[in-house]
Amino acid sequence: MPDTPSLDMRGVLCPTNWVYIKLKLEDLAAGDTLEVLLDDGEPMRNVPRSVKSEGHRILQVHPEGEGYYRLLIQRGKD
């Protein structure tokens with residue numbers, strides 16, 4: 001998705017990664033999507049839970065390379 005903003009959060013620890021993701025989502029309009037690269041382990045356990053608790057949706061989760069995932073997050077309504 002060429003027009004989809006993205007964040008590479010590989011190597012960024014919790015909860016700092018969620019802070020960056022949340023700030024980027026706040027810049028988007030409801031329904032817009034954000035692509036995020038996220039490490040396996042604690043980030044993949046915590047960030048999706050935070051995304052859902054804030055009213056956003058995870059549209060796709062794809063394993064990529066060695067130990068990380070590509071997530072497509074849709075911004076929820078205000």
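T4 touches T33, L34, E35 and L72, leaving out residues up to four places away in sequence. T4 is found in the segment before β1. Its relative accessible area is 16%, so T4 counts as buried under the 20% limit. The model is predicted.

## The sheet

Four strands make up an open sheet. Their order is β1-β2-β4-β3, and the pairing is mixed. The edge strands are β1 and β3, each of which pairs on one side only. On average, neighbouring strands of this sheet are turned by 20° against each other, direction ignored. Strands of a sheet pair through backbone hydrogen bonds, in either a parallel or an antiparallel sense.

The table lists the pairings, with one facing residue pair for each.

| Strands | Sense | Bridges | Residues standing opposite |
|---|---|---|---|
| β1 and β2 | parallel | three bridges | D8 and L37 |
| β2 and β4 | antiparallel | seven bridges | L38 and Y69 |
| β3 and β4 | antiparallel | seven bridges | R57 and Q74 |

Strand β2 covers residues 33-39, and strand β4 covers residues 68-74. Strand β3 spans residues 57-64.

β3 and β4 form a hairpin. Three residues lie between the two strands. G65 sits in this turn and has a positive phi of about 40°.

## The helix and the loop before it

Helix α1 lies across β1, β2 and β4. It runs at about 170° to β2. The loop between β1 (6-8) and α1 (16-26) holds P15. The peptide bond from C14 to P15 is cis, with omega near -5°.

## L71 in β4

L71 belongs to strand β4. Is L71 buried or exposed? Its relative accessible area is 1%, so L71 is buried. Setting aside neighbours within four places in sequence, L71 is in contact with L34, E35, V36, L38, M44, P48, I58, Q60 and V61. M44 is 27 residues away from L71 in sequence. In space, the two C-alpha atoms are 9.7 Å apart. In a regular strand, side chains alternate between the two faces of the sheet.

## Q74 and R75

Q74 lies in strand β4. R75 lies in the segment after β4.

Q74 touches G31, D32, T33, H56, R57 and L59, not counting residues up to four places away in sequence. The side chain of Q74 reaches the backbone oxygen of G31 at 3.4 Å. Q74 and I58 are 16 residues apart along the chain, and their C-alpha atoms are separated by 6.2 Å.

R75 has its own set of contacts. Beyond residues up to four places away in sequence, R75 touches L25, E26, L28, A29, A30, G31, D32 and H56. A polar atom of the R75 side chain lies 2.6 Å from the backbone oxygen of L25. Why does R75 count as buried? Its relative accessibility is 10%, and buried means under 20%.

## Rings and charges

Where does the charged end of R10 sit? It lies over the ring of Y68, 4.4 Å from the ring centre. A pair of aromatic rings is described by the distance of the centres and the angle of the planes. How many aromatic pairs does the model contain, with ring centres required to lie within 6.5 Å? The count comes to zero.

## Summary

The predicted model has an open sheet of four strands with mixed pairing. Strand β4 is joined to β2 by seven bridges and to β3 by seven bridges. Helix α1 lies across β1, β2 and β4. L71 in β4 is buried at 1% relative accessible area. R75 also counts as buried, at 10%, and its side chain has a polar atom 2.6 Å from the backbone oxygen of L25.

Definitions and conventions:
Residues numbered from 1 in each chain as written. Predicted model: local features only at pLDDT ≥ 70, side-chain atom pairs only at ≥ 80, totals over all residues. Heavy atoms only, no water. Pairing = 2+ DSSP bridges. Phe/Tyr/Trp six-rings, centres within 6.5 Å; stacked < 30°, edge-to-face > 60°. Lys NZ or Arg CZ within 6 Å of the ring centre and 35° of its normal. Buried < 20%, exposed > 50% of the residue type's maximum accessible area, 1.4 Å probe, protein only. Polar contact = N/O pair within 3.5 Å; in protein donor to acceptor, adjacent residues only side chain to side chain. Contact = heavy atoms within 4.5 Å. Axes fitted to C-alpha atoms, helices over the stretch in contact; angles between N-to-C directions.
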